[in-house]
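Me: Can you walk me through this structure? I'd like to start with how helices pass each other.

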Amino acid sequence: MNKAFFLDRDGVVNEEQEYLYQPEKVVILPGVAASLRLLREHGFLAVVVTNQSGVARGMYGESDVHAVHERIRRLLAAEGAAVDGFYHCPHHPKFGAPCDCRKPQPGMLLAACRDLDIDPARSAMAGDRLSDIAAGRAAGCRACYLLKTGYGLETIRKENITGIDIAEDLPDAVARFLKLERASS
């Protein structure tokens, strides 16, 4: 089975922009491409899992989400990096029925595990919200990192954060997880 690093999108891979649906506004965060290359060198898949409630709210369509993901792919490819899969939840409980894919539910991660033959117990999750951490834990990820990027600092200030690994950014989370991997080998 494969091992993976699951990533929230906005605030983790690219700069946080509320309801990002315009591909031309995508800006990849510093160090992300290098982190993805490092993960690939160590045999990890990179999988983006992102809540996109703007679809349920009628602010944009799923084709816009796919266009943003294609832009991310192109920008990363220009730096020699790649994402192996993009999974998004277009739902929101206030704008339709509840689902099992919207984080904090683990549905997107579990779908990626099935589709890409991923063992979550050998994998990690990084995000900027507690819902990302909850989804990673519910899916059975070995490690979950709350990043200070995106909404991370705001989350840390507002919430009682205990028992959660906090990382500066994606490069820090990747370095820490690879150190954990080496220590257990």
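This is a predicted model: local features need pLDDT of at least 70, side-chain atom pairs count only at pLDDT 80 or more; totals for chains, interfaces and linings use all residues.

Me: Where are α1 and α7, and what's the angle between them?
Reply: α1 covers residues 32-41 and α7 covers residues 170-184. They pack at an angle of about 20°, and their axes are 9 Å apart. Angles under 35 degrees count as roughly parallel, so α1 and α7 are roughly parallel to each other.

Me: Which residues in α1 and α7 meet?
Reply: On the α1 side you've got V32, S35, L38 and L39, and they meet L170, P171, V174 and L178 of α7. Sorted by type, the residues of that contact are seven nonpolar, one polar and no charged.

Me: Switching topic: which residues touch the most other members in the largest nonpolar core?
Reply: That core has 32 residues, and F5, L7, L36, L76 and Y145 are the ones touching the most other members. Its largest share, five residues, comes from α7.

Me: Is there a second core, or what else is there?
Reply: There's a separate second core of 22 residues, with V49, Y87, A111 and A139 among them.

Me: Back to F5: what is F5 in contact with?
Reply: Setting aside neighbours within four places in sequence, F5 contacts several residues, including L39, F44, Y145, L170, V174 and F177.

Technical notes: Residues are numbered from 1 along each chain as its sequence is written. Side-chain values use heavy atoms; hydrogens and water are left out. Axes are lines fitted to C-alpha atoms, for helices over the stretch in contact, and angles run from 0 to 180 degrees between N-to-C directions. Helices (H or I, at least four residues) and strands (E, at least two) are DSSP runs, numbered from the N terminus. Angles under 35 degrees count as roughly parallel, over 145 as roughly antiparallel, 65 to 115 as roughly perpendicular and the rest as oblique. Contact means heavy atoms within 4.5 Å. Ala, Val, Leu, Ile, Met, Phe, Trp, Tyr, Cys and Pro count as nonpolar, Asp, Glu, Lys and Arg as charged, and the others, Gly among them, as polar. A nonpolar core is a set of buried Ala, Val, Leu, Ile, Met, Phe, Trp, Tyr and Cys residues joined through side-chain atoms within 4.5 Å. Buried means under 20% relative accessible area, exposed over 50%, partly exposed in between (1.4 Å probe, protein chains only).
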